[in-house]
Amino acid sequence: MEIFAQQIINGLTAGSVYALVALGYTMVYGIIQLINFAHGEVVMIGGMVALTVITTLVGMGLPLPPIVLVLAGIIAAIPICMAIGYLLERAAYRPLRHAPRLAPLITAIGMSIVLQQVALLIWGRDPKAFPQIMENQSFAIGGASITSVQIAIILMSVVIMAALTWFVYRTRFGIAIRATAEDVRVAALMGVDANRTIAATFVIGAGLAAVAGVMYGTYYGITHYTMGFMLGLKAFSAAVLGGIGNLAGAMLGGILLGLVEALGAGYIGEFTDLCRWPLVDGLLVERCANGGNVVLFGSNYQDVFAFMVLILVLVFRPSGLLGERVSERA
Amino acid sequence: MSTKKWFGLALVVLALLALPLVLTSVGTAWVRITNLAILFVFLALGLNIVVGMAGLLDLGYIAFFAVGAYVYALLASPHFGLHLPFWIILPLGALFAGMAGAILGAPTLRLRGDYLAIVTLGFGEIVRIFMNNLSQPFNITNGPKGITLIDGLNVAGMNFTATHTLFGIPFTGPAKYYYVLLILLTLVIVVNLRLQKSRIGRAWVAIREDELAAKAAGINTRNMKLLAFAMGASFGGTAGGMFAAMQGFVSPESFILHESILVLAMVVLGGMGNVWGVLAGAMLLSFVPEFLRYTVEPVQQMLFGKLLVDPEVLRMLIFGGALVLTMRFRPAGLWPESRHKLEMNEEK
């Protein structure tokens, strides 16, 4: 039971990060039906920029409280990521808006490779460790423990998601975004500047990605130039799980995916331990003796879960949990 | 064909036959590089069936290459003590890869193309995770260490790893592989060209351009897409088997996402759907980085006194940039297929 509670907490934390990244995918998809492959790379760059800023500040030896350091990292990462998001839209996607669907997908992949290599040039090939700035206090909840970093990540993503929901549903600009997502041409007839709205969607998504990148870095304590790839893949799976194009869906999908992954990784070793299976037991007596175990799939298969979820959703409910629109559009 | 054409063809064939002898005199390394380039042409032509002809974006293509390579490696190495002959394993690898393609395609091909793209991307990664981890608790793939001492090809008692002398000309191992690859490549090109004009090929193009209309015209779109996927995958599997035989060593590291992107870049740059364009694209993207490898380092050393940009990074930048710039300025590729050109330049 303790493992269960602990994995729930870990899953919620990872899920909050996935949710923030998934929002970026889902917003862009909702408005121009494009999978922004380079989104994961924007997250990575956010983490890298914050790392550089925090390391520099720590190196200067100023007596700054950790929260200020992290905030400085976030504040530096957001505009840079937003600029990249804007550039991506302008340089790679806007010129191809009316091209066949395959074209912008291919540019997106190209941009993602270019961003990765640029990050490699700037920050090097080795994983970079985030400086230990917060003394990681943990609090006990029902046998499990939650750290201050985890609390901060969960709270912060809740606040950001609430703010985003307010923005999209209550402001003029939010209405413009939703109108463009509904129908670009009609929205334009109503006086919405489609180009500006689409660019803004990319920029907002990139801003969320920056925050997610910093969270990821502080939580796992490490950043690497390839980290955006898996993270992006998982977040996209989360967006599809929730119903792509749907904001609430992305949040729900992110959290659910985090939970599935954490619980899966926590229990898969136990479930696939052949020594616990009565049937096979006889064949493996030697290896099972003295409390030994023969684990088929250990927690190193964690990354497979997101993918399994993606396939299952696509097979059984392609529109996702909260999506209404069937994704088949000619 | 006219006499002139025959003469030209004979000249090309002669040049291709003499190539390894010329390259050997420059350095055996260049024969190996050429062999790898041919292997990549092979891969690019396989992916061309999927992406170019049927218009299905497959981002995990290298996984099928990996399946073929591992099938070969497991059945012809001391790892399991199996040493089956290549004419059994190569088709087996192709079969397994094709099956993997069909299994992956079945749940996703009903959906829109971009879902397929991301699922294949994930699939490529999953295959790599499995290759990396299937050493526990039963050692199947030997994990990240990979499988070594794989048997080379062995045709009629002639071992491909040794050097043979024929008519006073020494033929090294790589040179012999070159000829095998050349034969295979010719076969693949012929199959590709015939496919393009066949009923199946035309069905693929119809699906690529308008799936709804293709369906209305009586094409079983799902089966056709599945066929494209499986066929492309089996090409990848065959190439993988050859790769394992040539290198004598496979490890998960050879099958990362970057390789999938590289093959895709070859297809896109050359001209999706056009066999000769893809061939040229693959050759270009195989050789240019090799030349860079030999020039970038010395030039940087000379200019800055140290290595600023790793050739490997430059290589990836070229591939990424090629994808973006091709789509932006020549969406149908450098040597476009005439039909595709119409499609990519049309405004919707």
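1. Setting aside residues up to four places away in sequence, Gly11(A) touches Gly258(A), Leu259(A), Glu261(A), Ala262(A) and Leu263(A). These contacts, like every value in this note, come from a predicted model. Gly11(A) itself belongs to helix H1 of chain A, which covers residues 2-32.

2. How far apart are the C-alpha atoms of Gly11(A) and Glu261(A)? They are separated by 6.9 Å, although the two residues lie 250 residues apart along the chain.

3. Turning to chain B, its secondary structure consists of 13 helices and six strands. Of the 348 residues in chain B, 49% are buried. Among the contacts in chain B with a separation of 6 or more, 74% are between residues 24 or more positions apart.

4. The two chains also meet each other: 41 residues of chain B are in contact with 41 residues of chain A. On the side of chain B that touches chain A, two or more residues come from each of helix H4 (86-108), helix H5 (113-133), helix H10 (257-270), helix H12 (311-329) and helix H13 (338-345) of chain B. H5(B) gives the most to this side, with 12 residues.

5. What classes of residue make up the side of chain B that touches chain A? This side has 26 nonpolar residues, together with eight polar and seven charged ones.

Note on methods. Residues numbered from 1 in each chain as written. Chains lettered and ligands numbered in written order. Predicted model: local features only at pLDDT ≥ 70, side-chain atom pairs only at ≥ 80, totals over all residues. Contact = placed C-beta atoms within 7 Å. Helix = DSSP H or I, 4+ residues; strand = E, 2+ residues; numbered from the N terminus. Nonpolar A, V, L, I, M, F, W, Y, C, P; charged D, E, K, R; others polar. Buried ≥ 20, exposed ≤ 12 C-beta atoms within 10 Å, placed from the backbone.
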